[in-house]
Amino acid sequence: MKYLLNLANFITILGIILAVWANSLAFSGLEKIQLIILLVLGAGLTDLLDGAIARKYHLETQVGAFLDRLRDKILICPFLILVLQKPPTFLEEITFSFLRALVYSMLLAEGILVISGIVGVIKKKNLASNKYGKRKMFFQFLTVSVWVVVVGLREHPENSFLISGLSYLITPLLFLAVIYGFLSLRGYWELYFKKEQHLERSQV
């Protein structure tokens, strides 16, 4: 219980609540788009704060690292599914089909990362995000933020040029997120396997 009571983990848990709230509003119809934008930004802010506080005050724990990953998955993955249900406007069919492939690839990578995280907790591995994981989350957050803005602007046809530009921006942002997602996954696997190989050699 003490691991859940430090300030960094409290902020992470707050981020989980904001992420769940944002997704529940989004799946209910996107009528409260302004509130959804604020909640997404709030959840993203907790991602910046919890890590900074944990490092500064030496509050890093495996529980905190796992909760941090969980918050990111809860925030991002449901919104990626919504991107398919409510695709960005002005996208041609071939562009949207590529975007669909990117969403499926991202969800696959996230699923494998969740499994890797659970294995890491069981084996007491270091679950701190690597540089690729941080970049993946950055581009994921940008993807979701741009999509939310596009949805919010749909009610204002006078901004059609801006909506069009932002719609086409989503695909390259998600493409970069997918690349960094699989690089992040490779980084964790190399960390796990290198430690196991080192132990095996030391026992010979």
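1. Helices α2 and α3 cross with left-handed geometry. In this predicted model, helix α2 spans residues 33–56 and helix α3 spans residues 62–85. Their axes come within 11 Å and cross at roughly 155 degrees. That angle is over 145 degrees, so α2 is roughly antiparallel to α3.

2. The contact between α2 and α3 draws on named residues from each helix. From α2 come Ile 36, Val 40, Ala 43, Thr 46, Asp 47 and Asp 50. From α3 come Asp 68, Arg 71, Asp 72, Leu 75 and Phe 79. By class, the contact of α2 with α3 holds five nonpolar residues, one polar residue and five charged residues.

3. The pairing of α1 with α2 may be considered next. The axes of α1 and α2 lie 8 Å apart, and the two helices pack at an angle of about 160 degrees. Helices α1 and α2 are therefore roughly antiparallel to each other. The crossing of α1 and α2 is left-handed.

4. On the α1 side of the contact with α2 stand Leu 7, Ala 8, Ile 11, Thr 12, Gly 15, Leu 18, Ala 19, Trp 21, Ala 22, Leu 25 and Ala 26. They meet Leu 35, Ile 36, Leu 39, Val 40, Gly 42, Ala 43, Thr 46, Leu 49, Asp 50, Ile 53 and Ala 54 of α2. The residues of the contact of α1 with α2 comprise 17 nonpolar, four polar and one charged.

5. Trp 21 belongs to helix α1, residues 7–27. Is Trp 21 buried or partly exposed? With a relative accessible area of 41%, Trp 21 is partly exposed, because that value falls between the 20% limit for buried and the 50% limit for exposed. Setting aside residues up to four places away in sequence, Trp 21 touches Leu 35 and Leu 39. Between the C-alpha atoms of Trp 21 and Ile 36 the separation is 8.2 Å, and these two residues are 15 apart in sequence.

6. The loop between α1 and α2 contains Leu 30. Most residues other than glycine have a negative phi. Leu 30, although not a glycine, has a positive phi of about 65 degrees. The relative accessibility of Leu 30 is 10%, so this residue counts as buried.

7. Helix α2 also packs with α5. The angle between α2 and α5 is about 165 degrees, with their axes 9 Å apart. Helices α2 and α5 are therefore roughly antiparallel to each other, and their crossing is left-handed. In this contact, α2 supplies Ile 33, Ile 36, Ile 37, Val 40, Leu 41, Gly 44, Asp 47 and Arg 55. Helix α5 supplies Lys 134, Met 137, Phe 141, Val 144, Ser 145, Val 148, Val 151 and Gly 152. The contact of α2 with α5 has ten nonpolar, three polar and three charged residues.

8. Thr 143 is located in helix α5, residues 131–153. Thr 143 counts as buried, at 1% relative accessibility. Which residues does Thr 143 touch, not counting residues up to four places away in sequence? They are Ile 170, Leu 173 and Leu 174. Thr 143 and Ile 76 are 67 residues apart along the chain, and their C-alpha atoms are separated by 9.2 Å.

9. Leu 174 lies in helix α6, residues 160–203. Leu 174 is buried, with a relative accessible area of 1%. Apart from neighbours within four places in sequence, Leu 174 is in contact with Leu 80, Leu 99, Leu 102, Val 103, Met 106 and Thr 143.

10. The final point concerns the protein chain as a whole. The protein chain has six helices and zero strands, and its pattern along the sequence reads α-α-α-α-α-α. Of its 204 residues, 44% count as buried. The protein chain exposes about 11,300 Å², and carbon and sulfur atoms supply 69% of that area. Among contacts between residues at least 6 apart in sequence, 80% join residues at least 24 apart.

Technical notes:
Residues are numbered from 1 along each chain as its sequence is written. This is a predicted model: local features need pLDDT of at least 70, side-chain atom pairs count only at pLDDT 80 or more; totals for chains, interfaces and linings use all residues. Side-chain values use heavy atoms; hydrogens and water are left out. Axes are lines fitted to C-alpha atoms, for helices over the stretch in contact, and angles run from 0 to 180 degrees between N-to-C directions. Helices (H or I, at least four residues) and strands (E, at least two) are DSSP runs, numbered from the N terminus. Angles under 35 degrees count as roughly parallel, over 145 as roughly antiparallel, 65 to 115 as roughly perpendicular and the rest as oblique. A crossing is left-handed if the near helix is turned anticlockwise from the far one by less than a right angle, and right-handed if clockwise. Contact means heavy atoms within 4.5 Å. Ala, Val, Leu, Ile, Met, Phe, Trp, Tyr, Cys and Pro count as nonpolar, Asp, Glu, Lys and Arg as charged, and the others, Gly among them, as polar. Buried means under 20% relative accessible area, exposed over 50%, partly exposed in between (1.4 Å probe, protein chains only). Accessible areas come from the Shrake-Rupley method with a 1.4 Å probe; for residues, only the protein chains shown count as cover.
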